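Let me put the model up and then walk through a few residues.

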Amino acid sequence: MSIFVDTADIEQAKAAKELGWVRGITTNPILLAKSCNSAADTLQKLAGLKMGLLFYQLVSSCKEDMLKEAHLAKEIAGDQLVLKVPSTEQVFQIIPHLPPEIPCCITALYSVAQAVVARESGARYIAVYVNRATKLSGDGLTLIADMAGALKGGQTQILAASLKSPAEASAAILSGADHLTLPFDVLNKMAYHEHSEEAVNQFNSNGSGLQF
């Protein structure tokens, strides 16, 4: 399992790297649009952090342009690149035409049928918007569980996204997600629990240790 930070903010990415347990960065067109730099410059700066995998989402709409955009992203991000492609009928058809060294993540899936097609198309990952699916369809966690059952035994892995709290992130893993991508504010809450803080305070107030 890996945990990624969902951001295109360079400073947030740097802070996430300092945590020591974040394995990469996921971006999307909306996050990149919020950057004060161009998408190319932002992607290059994120790649320069060398945090691990770097997810970039295609915005082109025709096959020829999508392939050009994919190769440009590969030039910028190198071996860190995971190419995110939206789950449209046309986009599913492009995956077999991509070089094998560009792993793909199908994003914005809302059905088990789409997950099965993603697996058969050769996608390495699928990104499932848990909280958004709950709002739109009633239960994003059940969707994760159903997809996990359908994909069992295959190589396509589930990346749980659209997570609004550590509790929801934990529930996504328990439901069958293989990986998590979290906004920076949720990421910062993952290691905190009030009872842990109470226990540490008790140890420090009443205990003793090595003196130096």
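Quick definition before we start: a residue is exposed when its relative accessible area is over 50%, and buried when that value is under 20%, with partly exposed in between. And keep in mind, this is a predicted model.

So, Glu-18. You'll find Glu-18 in helix H1, which covers residues 10-19. Its relative accessibility comes out at 67%, so Glu-18 counts as exposed.

Next, Thr-107. Is Thr-107 buried or exposed? Buried, with a relative accessible area of 1%. Thr-107 belongs to strand S5, residues 104-109. If you ignore neighbours within four places in sequence, Thr-107 is in contact with Gln-57, Lys-84, Val-85, Pro-86, Ser-87, Ala-127 and Tyr-129.

How many aromatic pairs does the structure hold? Three. In one of them, Tyr-110 and Tyr-129 have ring centres 6.4 Å apart and planes at 75°, so we call that pair edge-to-face. The pair links distant parts of the chain, 19 residues apart: Tyr-110 is in the loop between S5 and helix H6 (112-121), while Tyr-129 is in strand S6, residues 125-129. On accessibility, Tyr-110 is partly exposed at 29%, whereas Tyr-129 is buried at 14%.

Last one: Phe-4, Phe-55 and Tyr-125 make up one aromatic cluster. That's me done, thanks.

Notes. Residues numbered from 1 in each chain as written. Predicted model: local features only at pLDDT ≥ 70, side-chain atom pairs only at ≥ 80, totals over all residues. Heavy atoms only, no water. Helix = DSSP H or I, 4+ residues; strand = E, 2+ residues; numbered from the N terminus. Buried < 20%, exposed > 50% of the residue type's maximum accessible area, 1.4 Å probe, protein only. Contact = heavy atoms within 4.5 Å. Phe/Tyr/Trp six-rings, centres within 6.5 Å; stacked < 30°, edge-to-face > 60°.
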